[in-house]
Each structure stands twice: as structure tokens, then as C-alpha cells.
Amino acid sequence: MSNLFYDAAPNATRVAPSLPEPRQYPTEKPTDIYLFGTCVIDIMFPNAGLDAIRVIEREGIKVHYPQDQGCCGQPAYSSGYTEEAKEVARAQIKLFEHDWPVVIPSGSCAGMMRHHYKELFKDEPETLEKVNALSERIYEFGEFLLYVSKIQLKDQGPHTKIALHTSCAARREMNTHLHVRELLAQLDNVERVNHDHESECCGFGGTFSVKMTDISGAMVLDKTKALKDSGASQVVTADCGCLMNINGSFEKQNEALRGQHLATFLWLRTGGTSDE
Amino acid sequence: MSNQDQHRIPVFDALSQHFKENAHQALGNQQLRHNMRSAMDSLMTKRLASMSDEYEREHLRELGNHIRARALSKLPDLLEKLEANLTKQGVQVHWAETTDQANQIILEIAQRRQAKHFIKGKSMVSEELNMNHYLQHHGIEALESDMGEYIIQLDHERPSHIIVPAIHKSAKQVGHLFENKLHTQYTDDVDTLIQTGRKILRQKFFEADIGISGVNFAVAETGSLFLVENEGNGRMSTTVPPVHIAITGIEKVVENLRDTVALVSLLTRSALGQAITTYVNLISSPRKADELDGPEEVHLVLLDNGRTQAFADAQLRQTLNCIRCGACMNHCPVYTRIGGQAYGTVYPGPIGKIISPHLMGLDKTEDLPIASTLCGACGEVCPVKIPIPELLRRLREEDVRPPEETPHTVKGQGARFSRKERLMWKVWKTLNTKPALYRNFSLLATRFRALTPNIMAWSQNHSKAKPAKHTLHELARKHLGEQ
């Protein structure tokens with residue numbers, strides 16, 4: 001465990017991580033949680049969301065999935081359409097009336113709801129109060145498992161080498177990039193290998209990938225090459241934006257290597273079965 | 001195409017309207033890609049090694065931020081104080097609202113002294129003025145004396161980095177350049193190359209009529225111009241010629257000398273991983289009656305050039321905290337891949353993306369705010385904690401705001417305004433604020449997944465994106481039951 005945080009590849013930790021944001025975690029395991037599935041998972045990777053539900057349920061926690069949920073608002077927010085983002089955010093805030101944790105299987109959507117909602121509603125004191133309270137209840141999936149649910153994983157799979165891709169939002173907005181390492185370290189037969197320039201962005205950036213196609217393409221090619229060169233037989237990530245980018249590029253290159261969402265990886269490694 | 005030309009990347013147009021084309025060209029240049037990657041890796045490693053204690057680093061950054069924010073909060077007062085103190089000590093202070101005015105001020109000084117030869121230490125503000133070109137037009141030569149600047153001046157290029165202007169070139173490329181332009185024997189030995197350049201420049205310092213420099217910090221309380229450098233050329237250009245003209249943006253003022261301690265430490269360590277530079281110059285007056293050396297005249301030109309626009313907005317004002325260390329560039333995955341010249345602006349990289357719209361207008365820099373994944377690496381390393389990703393997002397907002405909408409905070413607002421795009425986001429908003437509508441939409445998207453339109457820009461780098469067979473909404477309802 002001692003080398004867990006410091007055994008990265010030569011180029012992996014060149015960006016010095018910020019000091020972790022101090023966060024108080026509840027001492028009691030909650031009875032119920034909300035899952036905010038995110039729009040990318042909803043439409044593109046629903047099984048990742050379902051597997052997140054199953055992993056949390058197995059912890060003896062009741063999962064609630066508000067059927068009225070949509071997008072968190074991030075695409076419009078980061079494109080400069082602040083008013084549109086604000087109205088979409090307003091529609092999501094209403095969904096979590098009970099005082100339960102809101103678990104989000106995506107670093108960037110969690111970052112949006114935990115941090116940027118405050119900016120959106122800074123001029124509406126009443127909403128801001130709600131948003132501030134909600135912000136304290138927002139947990140990224142891995143963070144929730146590790147520190148709120150205090151999960152103990154029992155590996156049931158064969159030996160495998162995996163490379164971990166952490167999203168920029170997990171790394172720099174949520175400070176949850178090391179949590180996934182800790183979770184994976186609980187799995188006896190899973191060997192995590194480093195890859196070159198691990199802390200560097202995969203080049204997705206939402207609309208960046210279609211507006212700056214050339215630059216984005218160069219970034220994802222470098223990222224996929226680093227992942228291939230790592231010798232891993234599988235890539236794990238906790239963000240479906242990155243997953244769409246990385247897997248889409250692997251497929252285009254006719255590479256066999258694929259990325260999988262953390263929730264699915266954990267579910268399958270610990271005895272869960274796939275529906276597919 | 002000569003051997004040397006193959007190793008060059010073309011001089012890009014000074015307007016960033018061609019940003020995408022420039023980026024495309026730069027990405028295709030394998031030599032440039034290789035040079036940039038290895039140079040940035042080395043700079044990142046050096047920075048981290050010099051700031052290895054994360055608690056010290058974070059506290060110092062916090063302090064740096066406070067010092068800069070305090071200086072900006074008193075900016076008009078500090079500038080007046082600076083002017084009063086410098087004037088009292090015999091330094092002549094000039095104010096320029098535009099780059100044209102700044103050039104005129106400099107030309108007038110030159111004409112009064114009948115100057116024909118300028119020698120320059122490094123100054124990014126003089127690049128803003130396009131001063132060399134302006135002086136040349138008036139029959140005056142301005143020779144760069146910073147080794148990197150000298151190299152790119154020889155190659156008719158512009159700096160690709162604010163600290164290391166020729167960082168995009170390898171020793172081999174410089175060797176070929178010197179061989180062609182200086183007719184020296186080819187070598188790629190860095191020490192030999194530097195010696196060659198130094199020998200040529202050494203004589204030029206003595207021949208120059210006027211020395212030009214930038215300013216790292218202008219200290220209001222003592223009336224001092226603070227200048228850090230490694231080559232000694234800054235010291236030479238500010239002391240050897242009979243006239244020294246310093247040029248700086250109005251934001252570079254700090255309150256007192258004590259403030260410079262933390263800022264210098266942050267600057268040199270963030271830039272090159274140095275605890276301190278080889279030379280630290282503090283200039284407070286021209287040569288005094290009993291002194292043997294130093295210039296007879298010292299001038300300071302204070303340039304606005306759009307900085308007051310940034311200053312006027314509380315959020316955008318943070319842009320002016322910048323101490324020009326270049327760390328954001330060194331850590332930027334976009335800059336690393338395309339190099340500084342592709343930006344077509346004086347300041348490249350993340351800081352360039354947030355300062356250039358103020359200097360040039362959004363209409364000439366419309367693509368810069370969107371040329372980022374908002375990965376946050378720049379903000380993470382900024383020594384004075386400028387929230388660069390937040391400012392990029394804010395400029396995106398200004399970029400798509402209707403041009404006629406008030407307040408009109410940024411010149412060229414609405415450069416990327418498009419009715420079609422705006423309508424698309426309105427539709428998106430409606431979908432995501434009406435749950436039934438959203439569910440129907442996502443249901444249709446998954447049911448008719450075979451009909452998903454092919455987004456050409458996406459397909460260039462990826463296989464076609466295809467929705468899943470069922471939405472999570474459906475899977476969750478099936479699994480959890482009606483809630």
C-alpha cells in the first residue's frame with residue numbers, strides 16, 4: 001500500500017497533484033442513495049449505470065433512480081450557454097428531496113453538480129442554499145464505495161493487467177483520481193500497470209472533440225498508444241466521456257484493447273454476471 | 001526546398017483566424033511534435049523537482065495569488081506611485097494606450113538621440129508592439145540579444161514560448177540555421193552554438209544606441225524595475241547603451257519590494273525549475289553624477305493595449321495576475337502538440353488564450369477559447385492561481401453572446417454567435433427540462449440506434465458512435481421497479 005500513490009510511470013506524475021480537498025465523510029453507512037446516471041451512460045453505456053446500482057445494492061443500500069433525471073447541464077455550461085445550463089441544472093436539483101447521498105458514476109458530471117452549480121446559482125440566494133447542501137451530498141462512484149460505503153472487495157477473477165485512465169475532472173475537480181487505485185488494490189488478482197503521461201487529458205473535452213478534430217485526434221492517438229504500450233489487457237476508467245473517446249479511437253484503429261467503466265469492472269470481478 | 005527549410009515550420013500568419021489551419025500544419029510536423037514533447041517533458045520535470053514540497057508549493061501559490069490580487073485592487077494608485085517615484089529618481093515615464101502610441105514614443109526617443117541601432121534584451125511587450133518591424137520601417141535596426149530570440153530573428157520567425165522563445169527548435173535545426181545564415185561550420189553542439197551567438201552579440205552591445213528591456217515587476221514603493229534573466233544580455237542591454245527603454249504592461253506593478261520575494265521564487269521555479277535566475281536586475285535610476293557606468297537616460301513605457309478591458313471585469317481581471325512564467329504552456333496538452341507559433345498570437349498556450357482576446361478582440365481570436373479540453377492542467381500549475389479554465393469558459397460565453405447584447409464586456413463579443421447553434425442549445429434545454437420529453441427522446445435514440453447520424457468530425461478519429469439498445473432509465477426501472 002505504501003507505494004500506491006507514488007509508483008507511477010516516469011511521465012505520469014509530472015503534473016503535481018493539488019492538495020486533496022478536505023472532505024468530511026459520514027461515519028454511518030446510508031440506508032438509501034440516489035443514483036444520478038448521467039446522459040452519456042443513459043444512452044451510450046447503460047450497463048455501466050446498472051452495474052453501479054448492483055454494486056451499491058450488494059452493500060445493503062437501497063438505490064433510487066429518479067426517472068425524471070436528464071443531463072447535468074455540463075455540455076451547455078462548458079460551451080458558454082450558461083442560461084440553458086442553468087435551467088437544466090434547476091430541473092435536476094429538484095430530484096433529490098430526501099437527505100440521501102447522490103452517487104454519480106462520472107467525475108466530470110459529479111464535478112459539475114458539486115462545484116459549478118454553485119457558480120450557476122450564485123445570484124439566487126434561496127437556490128444557492130439548496131445547491132450548497134446538495135453539493136455536500138454529491139459523491140463520485142469510487143469515492144462513495146471507498147469512503148462512505150467502506151466496501152471490501154473480494155476478487156473472483158483470473159490474474160489480469162489493467163491500465164487506469166482517470167479523467168481530468170476526477171483528477172482536478174473532484175480529487176478522486178487516487179480513490180480508484182485504492183479500490184483496485186483491494187482486488188488480489190488485478191495488477192495495475194502505469195502508462196506514459198498518465199495524468200494527461202485523452203483529448204475528449206466534449207465539443208472540443210468535434211470542434212478541434214485535428215488536435216483532439218492527436219491527443220487520443222497518443223493516449224491510446226500509451227495505453228497499448230503499457231501492456232495492459234484492459235483499460236478501466238470511471239468516466240464515460242473518456243470511455244467513448246478512447247474506445248471509439250481503439251475501434252477506429254482496429255485495436256482489440258478496450259476500456260470498461262469501473263462499475264462494470266468491479267461487478268464482474270466480484271462475482272457479478274453480465275447481461276450481455 | 002533546402003535542407004534547412006525541411007526542418008522549419010512556416011512562419012504563421014499573425015492573426016489567429018487561421019488557428020485551425022496552423023494547428024493542422026503543426027500537427028503534421030513530426031520534428032516539431034518531437035521537439036515540443038521532449039522540451040515540455042523536461043520543463044515539467046524541472047518544475048516539479050524545484051517545488052517538491054507540496055505544502056510549501058501550495059502556500060506559496062496562495063501567497064502569490066494574494067500579492068497579485070492586492071496589487072490589482074490598488075492598480076491605479078500603485079501606477080501613480082510608481083510614476084512619481086521613478087520620476088523623482090530621474091526615470092522618464094510614458095503612458096501608451098495603444099501599441100501605435102507606444103511605438104511612437106519609442107521612435108521619438110530614438111529620433112531625438114539620432115539612434116540607428118537598438119539592442120534588445122527579451123521583451124514580450126515589444127512583440128505586442130511588433131516593434132522590430134516598426135523600427136525597421138523607420139530605418140532603425142533592432143537586434144535581439146536573448147539567444148532564443150536571436151535564433152528565431154535569424155529565421156524570421158516569432159517566439160513560440162514566452163520564456164524559451166526557440167523551444168520548438170532542436171540543436172540540429174539551430175546548427176543548420178547558423179550554417180546558412182552565419183556561414184559557420186555546422187555543429188549541433190549547444191555550447192559551441194551559444195558561443196558563436198555570444199561572440200557576434202557581444203560587439204553589438206557596444207555599438208547600440210538604445211537598449212530595450214521588458215520588466216518582470218515594477219515596484220511602486222521604491223520605484224524599481226525588477227528584471228530577471230539568465231544570459232546577462234538583459235544586464236548588458238540595460239547598462240551598456242547610453243539610453244535604456246523598458247516596456248511593460250500596466251499590470252506588472254507590485255506594491256513593495258517584499259512582494260517580489262515570493263513572486264520571483266514562483267516565477268523562476270515555475271518557468272525553468274530554477275531557485276533563482278543567474279541575474280536579477282533592479283533598476284531605479286539612470287547613471288548618477290558620481291557613477292562610472294549605466295545609461296544616461298532611462299525610460300519606462302507603460303502599455304495598456306486592452307488590459308483595462310480585462311481589469312474592468314472582476315472575473316476577467318484575474319487574467320492580469322499572470323507573472324509570465326509559461327508553466328501553463330509547459331503543461332498544456334494542446335500547446336505541447338501544436339507549439340506556440342500556431343496560435344498566431346504574441347502569448348501562446350493557455351494564458352495566451354485568455355489574454356489575447358483583450359489585446360486583439362474576440363473577433364480576431366474567436367477560436368482560442370474553444371481550443372481547450374478544459375482539462376485543468378494549466379490552472380493546476382499556475383503559480384498565482386489564475387483559474388484559467390474558468391476564464392476560458394467565460395470567454396466562450398462572450399464568444400457566443402449576441403454581438404448587440406449589452407453589456408459588451410469584451411471587444412469582438414459574439415464572434416462565434418450563430419443562430420443555428422443557439423437554437424440547438426435551446427432544444428437541448430427543452431429536452432432536459434421536460435422529463436417526459438427526455439425519456440421519449442432517449443427511447444427513440446436507442447430504438448433507432450441504427451439510424452444514428454454520422455457526425456463527420458467525430459468519425460475522423462473514432463468509430464461511429466452508437467447508442468445502446470436500452471436506456472439506463474429503462475434498465476433501472478426494470479431492475480428497481482417503479483419508485
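Where chain B and chain A touch, the contact takes 73 residues from chain B and 72 residues from chain A. Keep in mind as you look around that this is a predicted model. The area buried between chain B and chain A comes to about 6,500 Å², and carbon and sulfur atoms give 60% of that area.

Let us start with Glu380(B). Side chains of opposite charge can pair when their charged atoms come close. Glu380(B) forms a salt bridge with Arg172(A), and the closest N and O atoms of the pair are 3.1 Å apart. How many salt bridges are there between chain B and chain A? The count is 8, while over all chains it comes to 46 salt bridges. Another pair to look for is Arg33(B) with Asp222(A), whose side chains meet in a salt bridge at 3.7 Å, N to O. This pair crosses between chains, running from helix α3 (residues 30-50) of chain B, which holds Arg33(B), to helix α11 (residues 213-229) of chain A, which holds Asp222(A).

Now turn to Leu472(B), which takes part in a meeting of helices. Two packed helices are described by the angle between their axes and the distance between the axes. Here helix α2 (residues 46-58) of chain A packs with helix α23 (residues 472-480) of chain B at an angle of about 30°, and their axes are 8 Å apart. Because angles under 35 degrees count as roughly parallel, α2(A) is roughly parallel to α23(B). The crossing of α2(A) past α23(B) is right-handed. From α2(A) come Pro46(A), Asn47(A), Gly49(A), Leu50(A), Ile53(A), Arg54(A) and Glu57(A), and they meet Leu472(B), Leu475(B), Ala476(B), His479(B) and Leu480(B) from α23(B). Sorted by class, the residues of this contact of α2(A) with α23(B) are 7 nonpolar, 3 polar and 2 charged.

Next, a pair of helices within chain B. The axes of helix α10 (residues 171-181) and helix α11 (residues 190-207) of chain B come within 10 Å and cross at roughly 40°, so α10(B) and α11(B) are oblique to each other. In this case α10(B) passes α11(B) in a left-handed crossing. Ala171(B), Val174(B), Gly175(B) and Phe178(B) in α10(B) meet Val190(B), Leu193(B), Thr196(B) and Gly197(B) in α11(B). The contact of α10(B) with α11(B) has 5 nonpolar and 3 polar residues, with no charged residues.

To finish, look at the backbone of chain B. Most residues other than glycine have a negative phi, and most peptide bonds are trans. Which peptide bond is cis, with omega near -5°? That bond runs from Thr406(B) to Pro407(B), and Pro407(B) has its place in the loop between α19 (388-400) and α20 (419-433) of chain B. Asn130(B), although not a glycine, has a positive phi of about 50°. You will find Asn130(B) in the loop between α7 (124-128) and α8 (131-137) of chain B.

Conventions
Residues numbered from 1 in each chain as written. Chains lettered and ligands numbered in written order. Predicted model: local features only at pLDDT ≥ 70, side-chain atom pairs only at ≥ 80, totals over all residues. Heavy atoms only, no water. Axes fitted to C-alpha atoms, helices over the stretch in contact; angles between N-to-C directions. Helix = DSSP H or I, 4+ residues; strand = E, 2+ residues; numbered from the N terminus. Parallel < 35°, antiparallel > 145°, perpendicular 65-115°, else oblique. Left-handed = near helix turned anticlockwise from the far one by under 90°. Contact = heavy atoms within 4.5 Å. Nonpolar A, V, L, I, M, F, W, Y, C, P; charged D, E, K, R; others polar. Buried area = accessible area lost by both parts, 1.4 Å probe. Salt bridge = Lys/Arg side-chain N within 4 Å of Asp/Glu carboxyl O.
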